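Biologist: I'm new to this one. Could you walk me through how to read it, step by step?

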Amino acid sequence: MELGQRYRSRAIASSEPFPEYRRDAELYFQPDAVPGSHIPHVWLQHNGTAISTRDVCDYSRFTLIVGVGGESWAEAATTIASELGVPIKTARIGLRQDFDDIDGEWIKIREVSDRGCLLVRPDRFIAWRSHDLPRDPITALRQAMLSVLGRGS
């Protein structure tokens, strides 16, 4: 009951439906990567130490989680952070990335491709996601950040 909180608000830039629970939601935790959910926990390796995906995300800034094909997202995060004056950390999670998914558990739970991303708020709720790389990742990330920050039209 302490895990699995999900919610909708203006600080979530998505209205994707949450997956149906397969078991009793009060007794069994069912992790997912849908915006409005907490970032799911998976053990990763970073500099030879085990670290949770939850600890990859920083309480002092937004975190953009990208995969092996995330270079364009990293560049977009740098641009948008500077443009909006809001810090965005980029974290590369995947096989042989900065945060190494050596067991392949992140791939099973992330629900986006290697070229997609998850935008995680400082409170570790997923604010937005892109399943793949759009033609213009800067515009996509800008729109998501403006929505989450309440600066959109």
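**Cysteines and their surroundings**

Modeller: Let's start with a search of the whole structure for disulfides: the count is zero. Keep in mind that this is a predicted model.

Biologist: Okay, what about Cys-57 and Cys-117, are they buried or exposed?

Modeller: The idea is to look at relative accessibility, where buried means under 20%. Cys-57 has 2%, so it counts as buried. Cys-117 has 0%, so that one counts as buried too.

Biologist: Which residue touches both of them?

Modeller: Ile-65 does: among its contacts beyond four places in sequence are Cys-57 and Cys-117. The list also includes Ile-39, Ala-91, Ile-93, Trp-106 and Leu-118. Ile-65 sits in strand S3, which covers residues 62-66. At 3% relative accessibility, Ile-65 is buried because the cut-off is under 20%.

Biologist: Now zoom out for me. How many helices and strands are there?

Modeller: The chain has four helices and seven strands, and along the sequence they run β-β-α-β-α-β-β-α-β-β-α. It has 153 residues, and 44% of them count as buried. The accessible surface is about 8,300 Å², with 50% of it belonging to carbon and sulfur atoms.

Definitions and conventions. Residues are numbered from 1 along each chain as its sequence is written. This is a predicted model: local features need pLDDT of at least 70, side-chain atom pairs count only at pLDDT 80 or more; totals for chains, interfaces and linings use all residues. Side-chain values use heavy atoms; hydrogens and water are left out. Helices (H or I, at least four residues) and strands (E, at least two) are DSSP runs, numbered from the N terminus. Buried means under 20% relative accessible area, exposed over 50%, partly exposed in between (1.4 Å probe, protein chains only). Contact means heavy atoms within 4.5 Å. Accessible areas come from the Shrake-Rupley method with a 1.4 Å probe; for residues, only the protein chains shown count as cover. A disulfide is a pair of cysteine sulfur atoms within 2.5 Å.
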